[in-house]
Amino acid sequence: MLKIGSHVSMGGSKMFLGSVEEALSYGATAFMIYTGAPQNTRRKAIEKMRINEGKELMREKGIEPQDVVVHAPYIMNLANPDPEKQKFAVEFLTDEVKRSAAMGVSQIVLHPGAHVKQGSEAAIGRIVEGLDKVFENTKNLDILIALETMSGKGTEVGRNFEEIRAIIDGVKDSHRLSVCFDTCHVHDAGYDIVNDFDGVVDEFDRIIGLDRISVLHINDSKNPKGASKDRHENLGFGYIGFDALNAIIHDERFAHLPKILETPYLPKTEEEKKRIYAPYKEEIEMIRKGEFNPELKNEIRQKHQ
């Protein structure tokens, strides 16, 4: 079975139950959630998250727990040189591990961090130190932290496979680390996944090890290879293109892994900025058919008129 889904919301009164319902409405067999708004660290108590109801619906509909992913919020930075901010990041990530364990989720995707002009080498040291503390705080919980491959914008750490490898090598309990392979980020970082995906995979395997990949983010890119921009585009409408992404999604080497769409919502018209229409049901249908629909955006808008 194809393990495909998208990020879904987890808010309002239904919380985790609502996340499962949203994923099912897209025809998904996997999904990713933030345990609250990704731009902040306000979170509801575990007992208010309607976890058991969500789990029961997953069982009824055949969504496996290993195909559900938590994404840590963007504003948490383990590489921050400010001791208080790094301490906060460690404490919050520790709580995220506990929330994920309560939901039966097996992995948390994490942006490694940003060195804020202190240099990658120093930042990697702080990330390693922070992850060691998180793993020490949660030693009895079997949750992977999946380091996301980054595009290289700003002072991001993880812009190449070597930086991810350096983090893994530094962490004591490195068996609890995996990698989230993001197609837009890797493309924007300069890897040629369009014309030489096998070569990129071989390089990843040589530097990190293919068995470290535990989830894929499937996104097209608004920018050419090596732009270091990180601007996602809907499938087939960017510089990566549908054929390359479809081949990655159906690659037998990753058949057992969840693939998560993070493509942008659509505005009512091309001219408007407010993005309100989720594209995931139609994108998942397009993936299952294996055929690019150049009218996808217009058809989604027409459905909502």
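User: Is lysine 281 buried, exposed or partly exposed?
Analyst: Lysine 281 is partly exposed, with a relative accessible area of 32%. Buried means under 20% relative accessible area, exposed over 50%, and partly exposed in between (1.4 Å probe, protein chains only). This is a predicted model: local features need pLDDT of at least 70, side-chain atom pairs count only at pLDDT 80 or more, and totals for chains, interfaces and linings use all residues. Residues are numbered from 1 along each chain as its sequence is written, and side-chain values use heavy atoms, with hydrogens and water left out.

User: Where is lysine 281 found?
Analyst: Lysine 281 is in helix H9 (residues 280-289). Helices (H or I, at least four residues) and strands (E, at least two) are DSSP runs, numbered from the N terminus.

User: What is lysine 281 in contact with?
Analyst: Ser25 and Tyr26, leaving aside neighbours within four places in sequence. Contact means heavy atoms within 4.5 Å. The C-alpha atoms of lysine 281 and serine 6 are separated by 9.2 Å, and these residues are 275 apart along the chain.

User: New topic. How do the axes of H1 and H2 cross?
Analyst: At roughly 25°, and the axes come within 7 Å. H1 covers residues 15-25 and H2 covers residues 51-61. That crossing makes H1 roughly parallel to H2. Angles under 35 degrees count as roughly parallel, over 145 as roughly antiparallel, 65 to 115 as roughly perpendicular and the rest as oblique. Axes are lines fitted to C-alpha atoms, for helices over the stretch in contact, and angles run from 0 to 180 degrees between N-to-C directions.

User: Which residues of H1 make the contact?
Analyst: Phe16, Leu17, Val20, Glu21 and Leu24. From H2, the contact includes Ile51, Leu57 and Met58. The residues of the contact of H1 with H2 divide into 7 nonpolar, 1 polar and 4 charged. Here Ala, Val, Leu, Ile, Met, Phe, Trp, Tyr, Cys and Pro count as nonpolar, Asp, Glu, Lys and Arg as charged, and the others, Gly among them, as polar.

User: What about the largest nonpolar core? Which of its residues touch the most other members?
Analyst: Phe16, Phe31, Leu131 and Phe181, out of 83 residues. Helix H4 (residues 120-137) gives the largest share of this core, 7 residues. A nonpolar core is a set of buried Ala, Val, Leu, Ile, Met, Phe, Trp, Tyr and Cys residues joined through side-chain atoms within 4.5 Å.

User: And what does phenylalanine 31 contact?
Analyst: Its contacts include Phe16, Val20, Met58 and Ile260, leaving aside neighbours within four places in sequence.

User: Which residues of helix H7 are buried?
Analyst: Phe197, Val200, Val201, Phe204 and Ile207 are buried in H7 (residues 197-207). They cover an arc of only 135° around the axis, so they sit on the same side of H7. The arc is that of the directions from the helix axis to the C-beta atoms.

User: What do the buried residues of H7 pack against?
Analyst: Helix H5 (161-170), strand E6 (177-182), helix H6 (183-188), strand E7 (213-218) and H8. Asparagine 246 is in H8 (residues 242-249). Asparagine 246 is buried, with a relative accessible area of 14%.

User: Last one. What is the phi of arginine 50?
Analyst: Near 55°, a positive value in a residue other than glycine. Arginine 50 lies in the loop between strand E2 (30-33) and H2. Aspartate 230 has a positive phi of about 60° although it is not a glycine. At 18% relative accessibility, aspartate 230 counts as buried, whereas arginine 50 is partly exposed at 28%.
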